[in-house]
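Subject: Structure handover

Hello,

I am passing this structure on to you. Please open it first, then read the notes below it.

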Amino acid sequence: MCPEKGISKTMSKTNIDEINRNIYDIKNKDEYEFKIKKGLTPEIIKEISIQKRDPEWMRDFRLKALEVYNKLELPTWGPDLSELNMEEIATYVRPKTKLNNSWEDVPEDIKTTFDKLGIPEAEKTSLAGVGAQYDSEVVYHSMKEELIKQGVIYTDMETAVREYPDLVQKHFMKCVPIYDHKFVALHGAVWSGGSFVYVPKGIKVDIPLQSYFRLNSPESGQFEHTLIIVDEGASLHFIEGCSAPKYNKVNLHAGCVELYVKDNAYLRYSTIENWSKNMLNLNTKKAIVGKNAKMEWVSGSFGSKISMLYPMSILNGEGSKTEFTGISFAGKGQNLDNGFKVIHNAKNTSSVVNAKSISKNGGKCTYRSLVRIEENAKNSKSSVSCESLMLDDISISDTIPVNDIKTDEVEFSHEAKIGKISDKTIFYLMSRGLSEEDAKAMIVRGFAYPISKELPVEYAVEMNNLINLELEGSIG
Amino acid sequence: MQTLKLNETPIRTCRNFNINNIKLENIEIPNTINKFNNIKITGDISLISNNTSDIKLTYGIEEGLIKQIKEYQNAKIAINCNGKLQCTHEKLDIDFNLDEDNSTLLENLEIIANENSKSTIILKYKSEKDLEFWHNGVIRVNAKKNSEINIILVNLLNIKSNNFMSIENNIEGNAKVKYTIIDFGGKNSITNYYSNIIGENADNKINTIYLGKENQLFDLNYIGELRGKKSNIDIEVQGALTDKAKKHFKGTIDFKKGCKKATGNENEACMLLSDTAKSLALPMLLCSEEDVEGNHSSSAGKIGEKELFYIMSRGFELKEAMKLIVRAKFNKIIENIDNEELKEEISNEIDKRLD
């Protein structure tokens, strides 16, 4: 008997309609208190600065960033960004509400959106604090009383600029300088919203904090800035979620995340990104990791039309460590160019990368990465593993890793695999009574398990739901 | 003196990763090209003619350097492995020796492996004196159905010379093309290798060893495009670097649409023998076909202390122990060469270069 022959008869493909993204696609009426006119000029930047009541240094910083933006070129690699026309994007949209610290005060339509995304419920059951951003402004921020007493600061970025000027000015866009690339410069010019977290020395925040970013307004951009400082010996788990309804024209997300993990500190930064499939997600995330500190990234990337996202750890402290665990899932019309970068810049540092990707229905996943071990990083170790799964023959999966080793006393290894779901495995599961579709879904969930197990239970469930949603009817 | 930008990868990545291409500064491109007389050919010389076709490359090392060969080639060799007699294994050894009177070699080598032919061709590049030589070559291989061709390419040039090599293969159904590349010479040794693996069951194997010392730079850009059903490519690269030597390895396995059940494996390992040697690698897997299997692995690091300790406890000095380990790692690839004299020569070169 030849099981594979038998099974091949049942593997005809079925065409499917656009996936119903249900709750993520809820569109509220495009109502706002203020929307800046489209385009990018010094006048527009000055207007944003006035609207945001910036201090003088921040206004000057924005204008400098605009200058840099105008000088830098678009990337000459990666996905085609030619459809992005900044003249068509409104960079600042203020919703019709102020910052609230009670959900009751949040306007009904905005509250309903966050309710459906499960944010207030999660806050009650499993989070120590929540921030919620709607378009360009944070509309809700709150944190458990005991953390406030311990000196933990968790607030929106604008409040931080005003109330903690020294701390902010010392760290703001120092980890991610505006010269890094064009979209960081753009972010520096038009940033709005985002979260600021400071965990004082030795404080362990056991329950995660979460910020959720929602972009509702069409033809607009979201440019939130997240700045987290985990001081010496402290620890934190921070979760970031993002989504948006789908419009016909492109939206832009060019956020920036700067993380400072001081000596002996620990930070886990988890992201479930589910932007709508008209979104260009050109986000930048970077962490500077101190002596014996540990930085962990957990990342699930499901949404966006185009994503270019490469979180980066700079291991500056002796004995510092980083781990990256990430999955990308690209469906029809999506080009997810994601990956990870690490610079080993001190002795005895280590990095572990576990990246996975799934492509189907013509989607494209690219894993792009850098591991650089500098001359001074003696006795460092790096282990990278990436696996790609193709669910049909119209999709694309590329792996483009760069390994730059500048000294001899290192242990470096990199492994990558590309392949389809094994017919034998499907046959085995089908012989145990599963339908082919269920068997494939089970294999995909198993493939994603090393990532989902790193998430808090509710988010792992959300990720599994997203996988099911993405797979629904798409294989057969 | 010129600055050359060469060996572009088929797909670009971030510019500041410094791997999309290689920039060579202060390169003196020879403008007087004399006849190259120092070629020694042994074996089935009846296979040779000078009827090469026009050079048209899909990739190639750089436009200007290819143009230099087109216009000024001083070694033009066409090899026609005819396979008229079944089971005949045709063999050919070609030695290019660069010296004071033959200091520039621009060779255009075209090999046609006809249907059912079986052949081994050894190409050796050597420079006797410690002068600055220039080697810029194109090798084109057209492997017809059911042919088998084994090419052994040995670069033993000195470390003051420039070595540029553009290789292109077209591999038809059931054909097997195997390369063993020994890359030791050249201040700059830059190789662009491309295989169009077009036929069903076509197979391409590349086994490379490189050995770098002082300020040597190796830039290896290997590209395998799999188009044929059940086609295969295996790339194995083993290297050792000492002093301030530097290696860039760019390996691309590209599964093109339609290459169902194709397989591709890429393994790259670099032994760093000093703390100033540098290894940069970009092992790419590109995939537009579902039913394929692709793997790559890449590693870098120094020789294991346990291995060294073991050998040294048997009475060897550190340098000798290192040589022994490098030779042992390289042996797996050198064993592919069915020529005892050449194997011996390569082993001696390893010892000499690591002294």
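Let me start with where the two chains meet. In this predicted model, 40 residues of chain B are in contact with 43 residues of chain A. Between chain B and chain A, about 3,400 Å² is buried. Carbon and sulfur atoms give 51% of that area. On the chain B side, F17(B), C287(B) and E290(B) lose the most area to chain A. Together they account for 19% of what that side buries.

Next, the polar side of the interface. The rule finds 20 residue pairs in polar contact across chain B and chain A, counting pairs with both residues at pLDDT 80 or more. It also finds six salt bridges across this interface. Side chains of opposite charge can pair when their charged atoms come close. One cross-chain pair to look at is K278(B) with E375(A). Their closest N and O atoms are 3.0 Å apart in this salt bridge.

Which strands of chain B each supply at least two residues of the side that touches chain A? They are strand 19 (278-287) and strand 20 (293-301). Strand 19 of chain B gives the largest share of that side, 10 residues. By class, the side of chain B that touches chain A has 16 nonpolar, 13 polar and 11 charged residues.

Six bridges join it to strand 24 of chain A, residues 396-405. The two strands run antiparallel. Within this pairing, D398(A) stands opposite L286(B).

Now look beyond the interface. Over all chains, a search of the whole structure finds 47 salt bridges. One salt bridge joins the side chains of D219(B) and K250(B), at 2.9 Å from N to O. This pair links distant parts of the chain, 31 residues apart. D219(B) lies in strand 15 (residues 217-226) of chain B, and K250(B) lies in strand 17 (residues 246-255) of chain B.

Last, confidence. Chain A averages a pLDDT of 85, and 89% of its residues score at least 70. Over residues 1-20 of chain A, the pLDDT is below 50. Beyond near neighbours in sequence, that stretch has 35 contacts in the model.

Best wishes

Conventions:
Residues numbered from 1 in each chain as written. Chains lettered and ligands numbered in written order. Heavy atoms only, no water. Contact = heavy atoms within 4.5 Å. Buried area = accessible area lost by both parts, 1.4 Å probe. Salt bridge = Lys/Arg side-chain N within 4 Å of Asp/Glu carboxyl O. Polar contact = N/O pair within 3.5 Å; in protein donor to acceptor, adjacent residues only side chain to side chain. Helix = DSSP H or I, 4+ residues; strand = E, 2+ residues; numbered from the N terminus. Nonpolar A, V, L, I, M, F, W, Y, C, P; charged D, E, K, R; others polar. Pairing = 2+ DSSP bridges. pLDDT = per-residue confidence, 0-100.
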